[in-house]
Amino acid sequence: MNTIEEQLWNYIDGNCTPAGQDAIARLIEQDEAYSKKYQELLQLNLEFASMELDEPSMAFTYNVMETIRTENARQPLKAAIDKRIIMGIAVFFVFTILALLVYTFANTHSQLSAFDIKVKIPAAIKLPNAANIFTRQAFKWFIMFDVVLALFLSDSYLRRKKPTKHA
Amino acid sequence: MQSKLSDIDLIEQILAGNQQAYADLVKRHQRFVFTLALRFSKNREDAEEIAQDCFIKAYRALASYGGQSKFSTWLYTIVYNTAMTFLRKKRVATDSIDDEATFIQVENNESAYDAHNVENKSRSFYLNRAIAQLLPDDATIITLFYKGEQSLEEIAQTLGMEANTVKVKLFRARQRLKDKLERNLKHEVKELI
């Protein structure tokens, strides 16, 4: 059973059921003890509601905004740069390199034998025979090396990415 | 006019990149946040630090505010948690001033609350002093209820309690506040006499 005070606080706060509200209103009217306590609590309620809020220092808002601005400025470049731009640049270079490779590979057969470009070079200088160096076999080794290097680099990249995802 | 914008409107502007809108939001809530922080820390420097910390945390987490509850309720939850962490860190004594030797107990505890006896000091002075003597939880509930425009359900959400628990705590907090107020006033009257 609630105490008189508890019932009256509920009545003041409007937390009673409509029936309870009516019952307490009647008690306040008829019972002097209830009426006296009600007046006292009502006075207290007004007093509590008149409580004043404290004011922070004048520079409070400025300090908060400065801290936020400083934090934003301190954000590392890595986090500030849009990752889509980086991806775009990477995709551009990958496609360019791939296109160059494909074009070179497609034209190798016909051009390997066509290293007989007529250039006027003094007789004293002897150039090595390019056709001997850039043989089809050497080119295949070069591509092979590139593929292995690409696999190695992508493997190390994915290994690095995995733990950061788990973290 | 900027000041007439609702909290939600301001938040939308902030999320769209208008940082100045956050300054308006801070100005709107700073007094209440500072007062709540003061209920825990009991000194202005720490309260300002807590309040500042709360607004910075709120800014960082603003994108996660879904709008399910009032912004103030969401903000006060941050204040409550930050202040509790602060108390734990600083190990501030949260015991009521009841136990302190400096507080003079008045023997007669029965007479009714009568502020008219003391006329030379404002009522708000006594009220603020009595609130400062309450436990942080009691002072917070009283402040949220009377000044935070928060319903019992919203206070419950802020403090992570059941609404019924808050109702009981509010009742007890009011009783304690009333006792403190009476004691302080009686002490003052005794001194005057």
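1. The crossing of helices α2 and α3 in chain B is right-handed in this predicted model. Their axes lie 8 Å apart and the two helices pack at an angle of about 135°. That angle makes α2(B) oblique to α3(B), because the antiparallel class begins only over 145 degrees. On the side of α2(B), the contact is made by B:Tyr22, B:Val26, B:Gln30, B:Val33, B:Phe34, B:Ala37, B:Leu38 and B:Ser41. The partners from α3(B) include B:Arg44, B:Ile50, B:Ala51, B:Cys54, B:Phe55 and B:Tyr59. Sorted by class, the residues of this contact are 12 nonpolar, 2 polar and 3 charged.

2. The axes of α4(B), residues 71-90, and α7(B), residues 152-159, come within 8 Å and cross at roughly 40°. With that angle, α4(B) is oblique to α7(B), because the roughly parallel class covers angles under 35 degrees. Here too the handedness can be stated: α4(B) passes α7(B) in a right-handed crossing. From α4(B), the residues B:Thr73, B:Tyr76, B:Thr77 and B:Tyr80 take part. They meet B:Glu154, B:Gln157, B:Thr158 and B:Leu159 of α7(B). The class breakdown of this contact is 3 nonpolar, 4 polar and 1 charged residues.

3. B:Lys42 is not a glycine, yet its phi is positive, at about 65°. This residue sits in the loop between α2 (20-41) and α3 of chain B. B:Lys42 counts as partly exposed because it has 16 C-beta neighbours inside 10 Å. For context, most residues other than glycine have a negative phi.

4. Is B:Glu149 exposed or buried? With 12 C-beta neighbours inside 10 Å, B:Glu149 counts as exposed.

5. On the overall make-up of chain B, the secondary structure consists of 8 helices and 0 strands. Along the sequence the pattern is α-α-α-α-α-α-α-α. The chain has 193 residues, of which 36% count as buried. Of the contacts in chain B between residues at least 6 apart in sequence, 70% join residues at least 24 apart.

6. Chain A has its own tally of elements. It comes to 8 helices and 0 strands, and from the N terminus its elements run α-α-α-α-α-α-α-α. Buried residues account for 7% of the 167 residues of chain A.

7. The contact between the chains takes 22 residues from chain A and 27 residues from chain B. On the chain A side, α1 (4-13), α3 (32-49) and α4 (60-73) each supply at least two residues. Which helix gives the largest share of the side of chain A that touches chain B? That share comes from α4(A), with 7 residues. By class, this side of chain A holds 11 nonpolar, 5 polar and 6 charged residues.

8. Confidence in chain B should be read element by element. The mean pLDDT of the chain is 81, and 79% of the residues score at least 70. Among its elements, α3(B), residues 44-60, has the highest mean, 93, whereas α5(B), residues 123-132, has the lowest, 84. Over residues 96-120 of chain B, however, the pLDDT is below 50. Beyond near neighbours in sequence, that stretch has 24 contacts in the model. Where pLDDT is low, the predicted coordinates should not be read in detail.

9. For chain A, the mean pLDDT is 80, and 77% of the residues reach 70 or more. Confidence in chain A is highest in α3(A), at a mean of 90. It is lowest in α5(A), residues 77-80, where the mean is 58. For the model as a whole, the scores are ipTM 0.74 and pTM 0.63.

Key: Residues are numbered from 1 along each chain as its sequence is written. Chains are lettered from A and ligands numbered from 1 in the order in which they are written. This is a predicted model: local features need pLDDT of at least 70, side-chain atom pairs count only at pLDDT 80 or more; totals for chains, interfaces and linings use all residues. Axes are lines fitted to C-alpha atoms, for helices over the stretch in contact, and angles run from 0 to 180 degrees between N-to-C directions. Helices (H or I, at least four residues) and strands (E, at least two) are DSSP runs, numbered from the N terminus. Angles under 35 degrees count as roughly parallel, over 145 as roughly antiparallel, 65 to 115 as roughly perpendicular and the rest as oblique. A crossing is left-handed if the near helix is turned anticlockwise from the far one by less than a right angle, and right-handed if clockwise. Two residues are in contact if their C-beta atoms, placed from the backbone, lie within 7 Å. Ala, Val, Leu, Ile, Met, Phe, Trp, Tyr, Cys and Pro count as nonpolar, Asp, Glu, Lys and Arg as charged, and the others, Gly among them, as polar. A residue is buried if 20 or more other C-beta atoms lie within 10 Å of its own, exposed if 12 or fewer, and partly exposed in between; C-beta atoms are placed from the backbone. pLDDT is the predictor's confidence in each residue, from 0 to 100.
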